[in-house]
Amino acid sequence: MVNFEDVLEQYEPMISASIRKLNIYRGHDSFRQAARVALLQAWNRFDEAKGNFTPFAYRSIRVPCWMN
């Protein structure tokens, strides 16, 4: 992964799907922003030696959406 803008573009659909799957009807913008911040933190913490980024990103995105 080269830069975060590319990662964000790739994972925006996952963020939207998580919001829908968690039945979030109000405050989409705040949940979407929390998920973006979580994705950035996951991208910074990720260690390629430990596996694939996608499951790590998925778990990182879902937690802030669920907690808000």
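How much accessible surface does the protein have, and what share of it belongs to carbon and sulfur atoms? The accessible surface comes to about 4700 Å², and 53% of it belongs to carbon and sulfur atoms. Such areas come from the Shrake-Rupley method with a 1.4 Å probe; for residues, only the protein chains shown count as cover.

This is a predicted model, in which local features need pLDDT of at least 70 and side-chain atom pairs count only at pLDDT 80 or more, while totals for chains, interfaces and linings use all residues. Residues are numbered from 1 along each chain as its sequence is written, and side-chain values use heavy atoms, with hydrogens and water left out.

Confidence comes next. The pLDDT is the predictor's confidence in each residue, on a scale from 0 to 100. Its average over the protein is 87, and 90% of the residues score at least 70. Among the elements, α1 has the highest mean, 93. Helix α3 (residues 53-67) has the lowest, 80. Where pLDDT is low, the predicted coordinates should not be read in detail.

The overall layout is simple to state. There are three helices and zero strands. Along the sequence the pattern reads α-α-α. Helices (H or I, at least four residues) and strands (E, at least two) are DSSP runs, numbered from the N terminus. Of the 68 residues, 34% count as buried. Buried means under 20% relative accessible area, exposed means over 50%, and partly exposed lies in between (1.4 Å probe, protein chains only). Contact means heavy atoms within 4.5 Å. Among contacts between residues at least 6 apart in sequence, 62% join residues at least 24 apart.

Start with helix α1, residues 4-21. Its 18 residues, at 1.5 Å a residue, should span 26 Å. The expected span is 1.5 Å times one less than the number of residues. The end C-alpha atoms lie 24 Å apart, which agrees. Yet α1 has a kink of about 45° at Tyr11, shortly before the proline Pro13. The bend at a residue is the angle between axes fitted to the seven residues ending there and the seven starting there. Tyr11 is also among the buried residues of α1, which include Phe4, Val7, Met14 and Ile15.

The structure holds two salt bridges. A salt bridge is a side-chain nitrogen of Lys or Arg within 4 Å of a carboxyl oxygen of Asp or Glu. In one, Arg32 pairs with Glu12, the closest N and O atoms being 3.6 Å apart. Arg32 lies in helix α2 (residues 28-45) and Glu12 in helix α1, so this pair ties together parts that are 20 residues apart in sequence. Both Arg32 and Glu12 are buried. In the other, the side chains of Arg36 and Glu12 meet at 2.8 Å, N to O. This pair links distant parts of the chain, with Arg36 in helix α2 and Glu12 in helix α1, 24 residues apart. Arg36 counts as partly exposed because its relative accessibility is 27%. Glu12, at 18%, counts as buried. Salt bridges that share partners join Glu12, Arg32 and Arg36 into one network.

Which residues does Ser18 contact, leaving aside its neighbours within four places in sequence? They are Tyr58, Ile61 and Arg62. Ser18 is found in helix α1. Its relative accessible area is 2%, so Ser18 is buried. Arg62 is found in helix α3. Beyond neighbours within four places in sequence, Arg62 is in contact with Ser18, Lys21 and Leu22. Arg62 and Ile19 are 43 residues apart in sequence, but 8.4 Å apart in space, C-alpha to C-alpha.

Now the loops. Asn23 follows α1 and lies in the loop between α1 and α2. Asn23 has a positive phi of about 55° although it is not a glycine. At 48% relative accessibility, Asn23 counts as partly exposed. Phe46 belongs to the loop between α2 and α3. Leaving aside neighbours within four places in sequence, Phe46 is in contact with Gly51, Asn52, Phe53 and Phe56. Phe46 and Phe56 are ten residues apart along the chain, and their C-alpha atoms are separated by 7.8 Å.
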